[in-house]
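Open the model in your viewer and keep the selection panel at hand. The tour goes from stop to stop, with a selection at each.

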Amino acid sequence: MTGLLIDGVLRGAADDRTYPNINPATEQSIGTAPDADRADLDAAVGAARRAFDHTEWSRDHEFRAHCLRQLRNGLEAEKDRLRDVLVREAGVPVALTYSIWLDTILDAVSYWADLAVSYPYQTELAARETLAGAAARRMVLHEPIGVVAAITPWNYPLACNIFKVSAALAAGCTVVLKPAPDTPWSGAELGRVIVEHTDIPAGVANVVTAADPLLGEALVRDPRVDLVHFTGSTQVGKQIMVSAADAVTRVCLELGGKSANIVLDDADIPSLGAAFAGVCAHAGQGCALTTRLLLPRSRYDEGIAVAQAAFEALKCGDPSDPEVVVGPVINARQRARILDLIGQGKQEARILVGGGTPQALTTGYYVEPTLFCDVDPDAVIAQQEIFGPVLAVIPYDDVDHAVQIANNSIYGLSAAVHSGDLERAMTLARRIRTGTVSVNGAVWLAADTPFGGYKQSGLGRELGVEGFAEFLETKSVALPG
């Protein structure tokens, strides 16, 4: 597999160290990835710093757009290879790669390419007398922030890599991408596509893979880095904020979630089985999945029956099987954590489906789709992000009670509302303190839609114009009027 990308060169780690890349469905190595150390990281950050400070990359909008269009075409040409990587190293069911795990995310690169030239980098303000008493003509400039440390997770590895790197490049920044240790090839392959399919200059984009997650901390603490753009757990996000504080480095954080799906009493509940079971896609490894299902007491038994039937129909198994949507979780450590939380749930609520590992799957990091009902809103499984194929069903009395339960969380990433009355659903959506809301199954994820959370679900936004602006600084300039 392709190695590190540092200063325009694809190479191994400085001392030729590698580490095994484990397929979570087989628990076997599918190959190796370069195991970078501090020297490799130093070289990558140094290259990004030089490329930003001493080339025209940050100022040549048209050239950036040209390179990003090349990147989009290159990713399209390499799609089958990328699909294979996702299935084998991340355990993403192949059926899901035709959606937001791969195929539909490539349009985001085209979106950034267009925005690279269309964004209003300079805005004129009206001439006026300033506080100092002199007339001035004023303008506001938006300039690329500089070197970006992009640190990405293993659950949507290719999507997060592409979103962060392409947006940063479009804005005129240079990048050091640090993929998750469990999914190094998704980062390395992006680096290879950049080298083989684009005119992106040496040093502008760099990719560093490593087994040690603490290499990411060294990247965050590097004073040559101007922005840390991170997707991952809230716990790690907090650590990044602390590490970035010494140099007052800006951070953009997309963190955890415990999202609520509120079903109102006028919803078409029999049609919602797929929506309920959707939390198990990719073994439930998604921060925005609606893992709390809120059902009205008046239709509670009906909703539970629909959820149970949907969970029992799920096929868990080999992610290369096109009929599978519930593959393995990423590693043994994560599986143990999920099973521990399920064990706590068994003491707090009633379990209807699952609760362990599939008996027929003795190899691979699998967890059964698990459905709990009669869950107290304050229970551990209703409050902690499990990051596995687990749904907690919670009854509510009225709409006010549903809002109270939905907002009873340290997180505020996403939510869903189902109702037969769109106006009623929209009124409820406005009361939920989350960054995104889906109404009646409508999908919000798109290149031009800002994504991010309230509360401990993060800082800043990814995607959309708001996400592009995360990579820019603001400068005010006054000229004699």
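Start inside. This is a predicted model, and its largest nonpolar core has 67 residues. Select Leu75, Trp112 and Phe468: these have the most contacts inside that core. Next, colour the elements that line up around them. Helices H2 (61–77), H3 (79–90), H4 (107–118), H5 (157–171) and H6 (184–197) each supply at least two residues of the core. So do strands E7 (147–151), E8 (174–178) and E9 (205–207). Which helix gives the largest share? It is H5, with eleven residues. As background, nonpolar side chains tend to be buried together in soluble globular proteins.

Now zoom in on Phe468. Then jump to a second, separate core of 33 residues. Val329, Ala349, Ile405 and Ala429 are included in it.

Next, colour by domain. Domain 1 covers 4–255 + 457–480, and domain 2 covers 260–439. Their C-alpha centres lie 31 Å apart. Select the contact between them: 25 residues come from domain 1 and 30 residues from domain 2. Go back to the core of 67 residues.

Two packed helices are described by the angle between their axes and the distance between the axes. For H2 and H6, the angle is about 115° and the axes are 9 Å apart. The crossing is right-handed. On H2, pick Gln70, Leu71, Gly74, Leu75 and Ala77. On H6, pick Leu190, Val193, Ile194 and His197, which they meet. Leu75 is one you have already selected, as a residue with the most contacts inside the largest core.

Move on to a sheet. Select E5, E6 and E22: three strands, in the order E5-E6-E22, form an open sheet with antiparallel pairing. Strand E5 (122–129) and strand E22 (472–480) stand at the edges. Each has a single partner strand, so one side of each is left without a neighbour in the sheet. Neighbouring strands here are turned by 20° against each other on average, direction ignored.

Look along the pairing of E5 with E6 (residues 135–144). Six bridges join these antiparallel strands. Check two positions. Glutamine 122 has leucine 141 of E6 as its bridge partner. Glutamate 124 stands opposite methionine 139 in E6.

Is E5 largely buried or in the open? The number of buried residues among its eight is zero, so E5 lies largely in the open.

Finish on glutamate 129, which lies in E5. Exposed means over 50% relative accessible area, and at 56% relative accessibility glutamate 129 counts as exposed. Beyond its neighbours within four places in sequence, glutamate 129 is in contact with Ala134 and Ala135. Glutamate 129 and glycine 481 are 352 residues apart along the chain, and their C-alpha atoms are separated by 8.5 Å.

Conventions
Residues numbered from 1 in each chain as written. Predicted model: local features only at pLDDT ≥ 70, side-chain atom pairs only at ≥ 80, totals over all residues. Heavy atoms only, no water. Pairing = 2+ DSSP bridges. Helix = DSSP H or I, 4+ residues; strand = E, 2+ residues; numbered from the N terminus. Axes fitted to C-alpha atoms, helices over the stretch in contact; angles between N-to-C directions. Core = buried A, V, L, I, M, F, W, Y, C linked by side-chain atoms within 4.5 Å. Buried < 20%, exposed > 50% of the residue type's maximum accessible area, 1.4 Å probe, protein only. Left-handed = near helix turned anticlockwise from the far one by under 90°. Contact = heavy atoms within 4.5 Å. Domains from an automatic or database assignment.
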